[in-house]
Amino acid sequence: MKKKVVTSGNKPIDRKQRYAVFNRNDRLVRKGAYTASEIQQYLNQKAHEDKSYYAIELKGLNRKLTTKELKPLENKVKYEKDTLPTKDLADLKTLLKMLKTKPAWEGMIKAYHFDTALREEIPLSIWKKMGGGTN
């Protein structure tokens, strides 16, 4: 009998992927590269400790975005500051600052907790580079 390899999508299940782990208060607990089974083990261990954690896979680019790539978000922050609520504007500024200094995938850690309306304010080109999906 031939053994079947279980995969997640098109990727082997034992391939390391980037994950961010959050607690029930949506606070980042850890981030790093883990296999699907490692992250599942960790989450199960925490569940046995009566801690409610969840993880998201971070699929974005592993490099900082260039000034040119960040321009659409800078323009949004600069020219639409009067139309955006104060908290949303502050969140977009924080995201922009993060994207200037860290790899694009790290922006998803911040943007994941934005409400849908605010996520839609992130220019599509940047959203895709951060690892966001499009429907």
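Trainee: What is the relative accessible area of Y54, and how is such a value read?

Mentor: Buried means under 20% relative accessible area, exposed over 50%, and partly exposed in between (1.4 Å probe, protein chains only). Y54 has a value of 24% and is therefore partly exposed. This is a predicted model, in which local features need pLDDT of at least 70 and side-chain atom pairs pLDDT 80 or more, while totals for chains, interfaces and linings use all residues. Residues are numbered from 1 along each chain as its sequence is written, and side-chain values use heavy atoms, with hydrogens and water left out.

Trainee: How many aromatic pairs are there?

Mentor: Rings of Phe, Tyr and Trp (its six-membered ring) pair if their centres lie within 6.5 Å; planes under 30 degrees apart are stacked, over 60 edge-to-face, and the rest tilted. The count here is four aromatic pairs. One of them, F22 with Y112, is stacked, at 6.2 Å centre to centre and 15° between the planes. F22 belongs to strand β3 (residues 17–23) and Y112 to the loop between α4 and α5 (116–119), 90 residues apart; helices (H or I, at least four residues) and strands (E, at least two) are DSSP runs numbered from the N terminus.

Trainee: Which of these two residues is buried, and which partly exposed?

Mentor: F22 is buried at 2%, whereas Y112 is partly exposed at 36%. Y112 also pairs with Y54 in a tilted arrangement, 6.4 Å centre to centre with 35° between the planes. Y54 lies in strand β5 (residues 53–58), so this pair ties together parts that are 58 residues apart in sequence. F22, Y54 and Y112 form one aromatic cluster.

Trainee: Which charged side chain lies over the face of Y42?

Mentor: The criterion is NZ of Lys or CZ of Arg within 6 Å of the ring centre and within 35 degrees of the ring normal. R30 lies over Y42, at 4.4 Å from the ring centre.

Trainee: What is the volume of the second largest pocket?

Mentor: A pocket is an open set of points on a 1 Å grid, with protein on both sides within 12 Å along at least five of seven lines; lining residues have an atom within 4 Å of a point. The volume of this one is about 210 Å³. Its lining has 13 residues, and D91, I109, K110, H113 and F114 are the closest to its centre. α3 (86–101) and α4 (104–111) each supply at least two lining residues, and α3 gives the most, with four.

Conventions
1 Å grid on protein atoms, 1.4 Å probe; cavity = no way out; pocket = protein on both sides within 12 Å on 5 of 7 lines; lining within 4 Å. Points joined across faces, edges and corners; volume = space filled by probe spheres on them.
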